[in-house]
Amino acid sequence: MEQLELFEDKQNQRFGVYLDHETADRITVANLKSYRDSMIETLKDHRENGSWLHPEDIPQIERSIEAVHIVLRDYGEHN
């Protein structure tokens, strides 16, 4: 399979894209990094500028950041 393959299912009126594993992995890593960076920015804004966060959200965000780091290591990302 090439990196990108389009398909159309006229019977069910659907279309889509098939991706090879490497391309899908790169998309997944990019999304995880974006999500992690967003959570880091949210905490930074809270700590530095006093933006409001529900007190229960803070430890949840911190745990989520750590979890994303673990998953990114599974993809070979170490930053």
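**A salt bridge and its surroundings**

A: Let's start with Glu62 and Arg47, whose side chains meet in a salt bridge at 2.4 Å, N to O. The term salt bridge stands for a side-chain nitrogen of Lys or Arg within 4 Å of a carboxyl oxygen of Asp or Glu. Glu62 sits in helix α2 and Arg47 in helix α1, so the pair ties together parts that are 15 residues apart in sequence. Helices (H or I, at least four residues) and strands (E, at least two) are DSSP runs, numbered from the N terminus.

A word on what you are looking at: this is a predicted model, in which local features need pLDDT of at least 70 and side-chain atom pairs count only at pLDDT 80 or more, while totals for chains, interfaces and linings use all residues. Residues are numbered from 1 along each chain as its sequence is written, and side-chain values use heavy atoms, with hydrogens and water left out.

How open are the two partners? Glu62 counts as partly exposed, at 33% relative accessibility, and Arg47 counts as exposed, at 52%. Here buried means under 20% relative accessible area, exposed means over 50%, and partly exposed lies in between (1.4 Å probe, protein chains only).

Arg47 also leads us to Ile58. Leaving aside its neighbours within four places in sequence, Ile58 is in contact with Leu43, His46, Arg47 and Leu53, where contact means heavy atoms within 4.5 Å.

Ile58 in turn belongs to the largest nonpolar core, 10 residues in all, together with Val29, Leu32, Met39, Leu43, Leu53, Ile61, Ile65, Val68 and Leu72. Such a core is a set of buried Ala, Val, Leu, Ile, Met, Phe, Trp, Tyr and Cys residues joined through side-chain atoms within 4.5 Å. The elements giving two or more residues to this core are α1 (21–49) and α2 (57–74), and α2 gives the most, with 5 residues. In soluble globular proteins, nonpolar side chains tend to be buried together.

Back to the charges: a search of the whole structure finds 5 salt bridges. One of them joins Glu77 to Lys33, with the closest N and O atoms 2.8 Å apart. This pair links distant parts of the chain, with Glu77 in the segment after α2 and Lys33 in helix α1, 44 residues apart. Glu77 is partly exposed, with a relative accessible area of 22%, and Lys33 is partly exposed at 21%. Another salt bridge brings together the side chains of Arg36 and Asp37 (3.1 Å, N to O). Here Arg36 is buried, with a relative accessible area of 8%, while Asp37 is partly exposed at 37%.

Finally, step back to the whole chain. There are 2 helices and 2 strands, and along the sequence they follow the pattern β-β-α-α. The radius of gyration is 18 Å, well over the 12 Å that the globule rule gives for 79 residues, so the chain is more spread out than a compact globule. That radius is taken over C-alpha atoms, and the globule rule is 2.2 Å times the number of residues to the power 0.38. Along its principal axes, the C-alpha trace spans about 55 × 30 × 20 Å. Buried residues make up 20% of the 79 residues in the chain.
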